[in-house]
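Visitor: Could you walk me through this protein, a piece at a time?
Guide: Gladly; have a look first, and then ask whatever you like.

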Amino acid sequence: MRWTQTLLTTLRDAPAEAEIASHRLLLRAGLARKLASGVYTFLPLGLRALRKVEKIVREEMDRAGGLEILMPGLQPPDLWEKSGRIKAAADVLFHVKDHADRRWILGPTHEEVVTALVAGEVQSYRQLPRTLYQIQTKYRDEIRPRFGLMRAREFIMKDAYSFDAEEAAAKKSYEAMLEAYRKIFSRIGLEAFPVEADTGVMGGSSSHEFCVVAEIGEGEVVTEEGGDYAAAIETAEGRPAPRTGTAGGMEKFATPEVRKIADLAGEKFGIPACDQVKTLVYTDGKAVALVLVRGDDEVQEAKLLKVCGEGWRAAGNAEIVKVLGAQPGSLGAVASTLAGKNVTVVADMVLKGQAGMTTGANEDGFHFKGVEVERDLKIDRWVDVRKVREGDFSISGKKLKISKGIEVGHAFLLGTKYSEALGAKFLDPQGKQQPMVMGCYGIGVTRTLQAVIEVHQDKDGIRWPAAVSPYTVMLVTLDLADTAVKEATDQLIQSLEKAGIDYLWDDRDERPGVKFKDADLLGFPWRITVGAKAVAKGGVEVKCRRTGGMEMIPRAEVGAWVQNKLAV
């Protein structure tokens, strides 16, 4: 392909809206253009890279036994009402109306649609297992689209759905898909690894995110040093450095003007945060729960909602005073102060066995010290509700590290939530109807493409992995008016085409410096330069974009040389 015959304009500077490197390069390299907030047009180079990503995804999905289908983007809301997600996912749903004033949903995902499809197509256990997938445009009403393709209102996703006759078989399908994802991301050029994740609004018993470590990532990933443990911050388990407390008698003392953990830890009282019990109040509008964590810890609300259920929130001051009779800052769960109060107390596991603690007295301006947690506090449930911190220890005793991560894929073991709601049942060997056990698996194809750019770039531009680069070779011709150079270029093109190497020929009438800068910006794996000096020596100059290394290669051998490099 000639540069002058394609639609490609590079930019010296990126638009001010581009906040991160990959977004800037996406625009500067002429891969995409913004139409509206969170909505992008792919230009020829960007689309070529996108299609290469899709090709890898398809190959591995097919290899894993997936069957490709294509479902409508327009979905009837009654399916979402049956699944119960029309309210749970209301924040991201786009609604449209037709000429008859009927309401439709623009699909953000397709669990409901595929389950309804399979309910009509599969009747017997003999037709299971089945895994269906598609690569399709999705729509989500993001409150704040940002970072280009990373968080967009319209994007391309590969979504797959497995259907099995029993839980054990469903877990095998789930593991098979995790392995397919490992292969996909490896081939694309991303070091993406699975981390345990929260099931959230999707539901199910198990979930894993595939994350790429990057400073611009919007999620936090917890890993252990020298170990295999990895989890999203929402579900990660860890233990802080232990404290030592002395058992003794509980004593009430005055704490005027104390409103926060830091006030007790200050110079006046000198009680370290780790020696305090933090009491937080949550409600669903009817019931009330006190949530206890160590004073230097925070509550991880995703964990808490798994314990309490959806719909719980932090209580307001008026609600707290009405139930406990005291303002935040003087709250606690000492059993004697909760007499007659209809509250449930949930305590984090870190507090188990702790002595010599300080907590609020449920009386403004007073606290108790010398508290032995299991002796003095009213505790109904022990659970892990704390947010893991950098430097905590894993269950196996290794130190935990927290990194930023880009989520590029997600897998959920859904169970029978959707199949029961939408009637996806089959007859088992005994002729009894059973709900199918489901899994769902997504890869953000457009997000993955930008993640590649974020990971593979330097100060000069993109450094594409060969598998997903728009073109493998940038062919740069200097001295276009020189007959010998033109003949050498023609010979080189023949060599590349014979070897099946895709290339973009920079045939513009531009200065060498401009061409070289654009070649580095676009970042194809190899730049081949044809100029009068090289031609006189019978060769061409080949530069590796990743290493910067230069080689002189005989013109007729260039195609085979690139082939060999790709095979390594």
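Guide: What follows is a conversation about selected places in this structure.

Visitor: What should I know before we start?
Guide: This is a predicted model, in which local features need pLDDT of at least 70 and side-chain atom pairs count only at pLDDT 80 or more, while totals for chains, interfaces and linings use all residues. Residues are numbered from 1 along each chain as its sequence is written, and side-chain values use heavy atoms, with hydrogens and water left out.

Visitor: Okay, which residues touch the most other members of the largest nonpolar core?
Guide: They are Y181, W464 and L522, in a core that has 64 residues. A nonpolar core here is a set of buried Ala, Val, Leu, Ile, Met, Phe, Trp, Tyr and Cys residues joined through side-chain atoms within 4.5 Å, where buried means under 20% relative accessible area, exposed means over 50%, and partly exposed lies in between, with a 1.4 Å probe and protein chains only.

Visitor: And which helix gives the most to this core?
Guide: Helix α6, residues 167-188, gives the most, with 9 residues. Helices (H or I, at least four residues) and strands (E, at least two) are DSSP runs, numbered from the N terminus.

Visitor: What does W464 touch?
Guide: Leaving out residues up to four places away in sequence, W464 touches a list of residues that includes L31, A49, I453, L522, F524 and R546. Contact means heavy atoms within 4.5 Å. There is also a second, separate core of 24 residues, and M71, V114, F163 and F426 are among them.

Visitor: Switching topic: how many cavities of 30 Å³ or more turn up?
Guide: The search of the whole structure finds 1, and the largest cavity holds about 40 Å³ of space. Its lining consists of M474, A519, D520, F524, R527, K543 and R545. On a 1 Å grid over the protein atoms alone, a cavity is a set of points where a 1.4 Å probe fits but cannot get out, and lining residues have an atom within 4 Å of a point. Grid points are joined across faces, edges and corners, and a volume is the space filled by probe spheres set on the points.

Visitor: What about the sheet with 3 strands, what order are they in?
Guide: That open sheet has the order β4-β6-β5, with antiparallel pairing. Strands β4 (74-75) and β5 (94-97) are at the edges with a single partner strand each, so one side of each is left without a neighbour in the sheet. Strand β4 is joined to β6 (residues 103-106) by 2 bridges, and Q75 stands opposite I105 in β6. Two strands pair if DSSP finds at least two bridges between them.

Visitor: How many bridges join β30 to β31?
Guide: There are 5 bridges between β30 (residues 539-544) and β31 (residues 550-554), and these strands run antiparallel. V540 stands opposite I553 in β31, and in the hairpin, which has 5 residues between the strands, G548 takes a positive phi near 80°.

Visitor: Which residue has a positive phi although it is not a glycine?
Guide: One of them is N362, with a phi of about 55°, and N362 is found in the loop between β18 and β19. At 8% relative accessibility N362 counts as buried.

Visitor: Is D364 buried or partly exposed?
Guide: D364 is partly exposed, with a relative accessible area of 43%, and D364 lies in the loop between β18 (357-360) and β19 (366-371). A polar atom of the D364 side chain lies 2.7 Å from the backbone nitrogen of Q327.

Visitor: And where is S162?
Guide: S162 is in strand β8, residues 154-164, and counts as buried at 1% relative accessibility. The side chains of S162 and Y441 are joined by a polar contact of 2.7 Å. A polar contact is a pair of N or O atoms within 3.5 Å; within protein, one must be able to donate a hydrogen and the other to accept it, and residues adjacent in sequence count only if both atoms are side-chain atoms.

Visitor: Last one: which peptide bond is cis?
Guide: The bond from L128 to P129 is cis, with omega near 5°, and P129 sits in the loop between α5 (111-121) and β7 (130-139).

Conventions: On a 1 Å grid over the protein atoms alone, a cavity is a set of points where a 1.4 Å probe fits but cannot get out, and a pocket is an open set with protein on both sides within 12 Å along at least five of seven lines; lining residues have an atom within 4 Å of a point.
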